[in-house]
Amino acid sequence: MNLKSTKYNFLFQQHKNDIYHYSLFMLGNRFDAEDAVQDVLIKTWENINYFNILSAKAWMIKTTHNRCLDILRKRKRSLNNEAPIDEFFSDNFSNPNEKDLDTVVNNKILSDKIKEKIQVLPENLKSVFVLYEIQGFKYREISKALDIPLNSVKVYLMRARKKLQEELKSYELQEVI
């Protein structure tokens with residue numbers, strides 16, 4: 001195996017799940033996410049000798065982000081922008097040991113509502129929210145990956161949380177009535 005293949009295989013193993021899950025949350029369906037990941041992996045192979053291996057994660061997430069935005073723009077042009085976030089989200093927020101059926105059903109309903117609200121966040125807020133809250137990225141990693149100032153990451157995350165809280169609070173009030 002040559003050096004290029006070794007570097008690529010290492011990066012692939014280290015970051016394939018991060019770029020897939022990010023794509024999945026940004027795009028809302030598996031097919032588009034898989035296409036985005038494939039495009040990013042091809043670009044990674046083509047450019048592997050041109051970026052620092054230590055900053056590869058940020059480069060790959062930035063490339064993934066840009067590819068997702070391209071796909072979303074294309075979707076908007078075709079007026080087909082409704083796509084649910086897949087089951088991965090539910091897996092993060094559900095408890096498989098839960099025995100109480102009411103709790104399981106309520107958690108599923110809440111999970112679906114949260115997914116719906118994340119999907120309609122503006123792209124800048126959604127990307128920061130997904131990277132931080134779902135993918136577990138640090139502020140600096142997000143700043144570098146999305147090429148935005150650190151303070152913007154914090155502000156976008158705060159705005160996304162606030163917007164989701166407002167939306168979910170109104171949902172809670174509807175349920176009480």
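User: In this predicted model, which residues does Leu146 touch, not counting residues up to four places away in sequence?

Analyst: Leu146 touches Tyr22, Lys62, His65, Ser127, Val128 and Leu131. Each of these counts as a contact because it has heavy atoms within 4.5 Å of Leu146.

User: What makes Leu146 part of a nonpolar core?

Analyst: A core of this kind joins buried nonpolar residues through side-chain atoms within 4.5 Å. Leu146 belongs to the largest one, which has 41 residues. Leu146 is listed among those with the most contacts inside this core, along with Ile19, Val128, Leu131 and Ile142.

User: Which helices supply at least two residues of this core?

Analyst: They are H1 (3-27), H2 (30-47), H3 (56-77), H5, H6 (123-134), H7 (139-146) and H8 (150-176). H1 gives the most, with nine residues.

User: How many helices and strands does the protein chain have?

Analyst: The chain has eight helices and zero strands.

User: Why is Leu101 called exposed?

Analyst: The cut-off for exposed is over 50% relative accessible area. Leu101 has 60% relative accessibility, so Leu101 counts as exposed. Leu101 lies in helix H5, residues 101-119.

User: What makes Leu101, Val104, Val105 and Ile109 a patch?

Analyst: Patch residues must have over 30% relative accessible area and no salt bridge, and nonpolar side chains are joined within 5 Å. These four residues form such a nonpolar patch on the surface, with about 330 Å² of accessible area together.

User: What share of the 177 residues is buried?

Analyst: Buried residues make up 40% of the chain; the word applies under 20% relative accessible area.

Key:
Residues are numbered from 1 along each chain as its sequence is written. This is a predicted model: local features need pLDDT of at least 70, side-chain atom pairs count only at pLDDT 80 or more; totals for chains, interfaces and linings use all residues. Side-chain values use heavy atoms; hydrogens and water are left out. Patches are made of residues with over 30% relative accessible area and no salt bridge: like charges are joined within 9 Å, nonpolar side chains (Val, Leu, Ile, Met, Phe, Trp, Tyr) within 5 Å. Accessible areas come from the Shrake-Rupley method with a 1.4 Å probe; for residues, only the protein chains shown count as cover. A salt bridge is a side-chain nitrogen of Lys or Arg within 4 Å of a carboxyl oxygen of Asp or Glu. Helices (H or I, at least four residues) and strands (E, at least two) are DSSP runs, numbered from the N terminus. Buried means under 20% relative accessible area, exposed over 50%, partly exposed in between (1.4 Å probe, protein chains only).
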